[in-house]
Amino acid sequence: MARPRQTIVSLEDTPYYHCCSRVVRKAFLCGIDNSTGENFEHRREWVDSRILELATIFAIDICAYAVMSNHLHVVLKVDADKVKQWSDKEVLIQWYKGFKGTLLTQKYLKEEDLNSFELQTVNECITEYRKRLIDISWFMRSLSEPIARMANKEDKCTGRFWEGRFKSQALLDEAAVLACMAYVDLNPVRAKIAATPETSDYTSIQRRINSAMKGEQPPELLPFVGNERLNMPNGLMFSVKDYIILVEDTGRIIREDKRGAISSSSQDILNRLNIPAENWLKITTEFGALFKGAVGALPALTEYCEHLERKRRQGASNCQRWLQA
């Protein structure tokens, strides 16, 4: 039975979540549908653009994403501190970037006079919008609904385009986040629709590689900010160069027609994460099959389950086996 979303998300334990949405009726997001011969490659651009657009609206950062033929993956980081720092007007400005408000919120932004009852109504709206701007359910809904409408219009049909619920799982520690990101970034390589990460269209790794070639990081994605230190900016641990090398090393090994080995810099990352190389390869090829619920070391998983008042630690054995040396 599917769990209510509030029993899965615990920002007290982690801001990182892996989400996956699949289409129904054997539809294709992109590529060529072998049953009809139709080409839907252009739809990948719809999804790619929408993901990046939503990152400018929500207080939710994009760590990794991949748009596949009939499903998509995103790794998200909820930035609850950012939304707390927004003023009431900033919350409305963010909300209006992607959604309609009310006549009263429009008057409030224009600094028109409001009576006490109207002002109370506006404050209630702002409180609700503030919550929604860090809600991964609202994020995924805002991603899927426009794509579904466009696809249904193109297909000249009605009804569901996506499965009723997207799947999500909490990523409880650094190792889980990095392993899930690599798993998502290597989706096209594993599926053999791309030979290398840099040729994997509509993925975060391709964006990171293209930007790295210019000595930059893509502004649309959560950046890598190096090792932990005082006054650390918002971002991912490690350097972007080391992450790209790790993904490329892993991709070479995954491809049956390519020889490859974990380089010394990649091995240094795995040592820090306390993950043996053979475990890393298993995780980045079978992450979705190995972990059905929250992912992390046992102490983090135990705390997560306690905070959500769960009696069982789902997936504890696989977390212990694959994420701990």
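**Exercise 1.** Determine how many residues line the second largest pocket and which of them lie nearest its centre.

*Solution.* The lining comprises 23 residues, with Pro15, Tyr16, Lys77, Asn234 and Gly235 lying nearest the centre; a pocket here is an open set of points on a 1 Å grid over the protein atoms alone, where a 1.4 Å probe fits, with protein on both sides within 12 Å along at least five of seven lines, and lining residues have an atom within 4 Å of a point. The model is predicted, so that local features need pLDDT of at least 70 and side-chain atom pairs count only at pLDDT 80 or more, while totals for chains, interfaces and linings use all residues. Residues are numbered from 1 along each chain as its sequence is written, and side-chain values use heavy atoms, leaving out hydrogens and water. Next, the largest share of this lining, 3 residues, comes from H7.

**Exercise 2.** Describe how helix H10 (residues 240-254) packs against helix H11 (residues 264-273).

*Solution.* First, the two axes, which are lines fitted to C-alpha atoms over the stretch in contact, with angles running from 0 to 180 degrees between N-to-C directions, come within 9 Å and cross at roughly 100°. H10 is therefore roughly perpendicular to H11, a class that covers 65 to 115 degrees. Then, the contact (heavy atoms within 4.5 Å) is made by Asp242, Tyr243, Ile245, Leu246 and Asp249 of H10 together with Ser265, Ser266, Ile269 and Leu270 of H11. Finally, these residues divide into 5 nonpolar, 2 polar and 2 charged, where Asp, Glu, Lys and Arg count as charged.

Notes. Helix = DSSP H or I, 4+ residues; strand = E, 2+ residues; numbered from the N terminus. Parallel < 35°, antiparallel > 145°, perpendicular 65-115°, else oblique.
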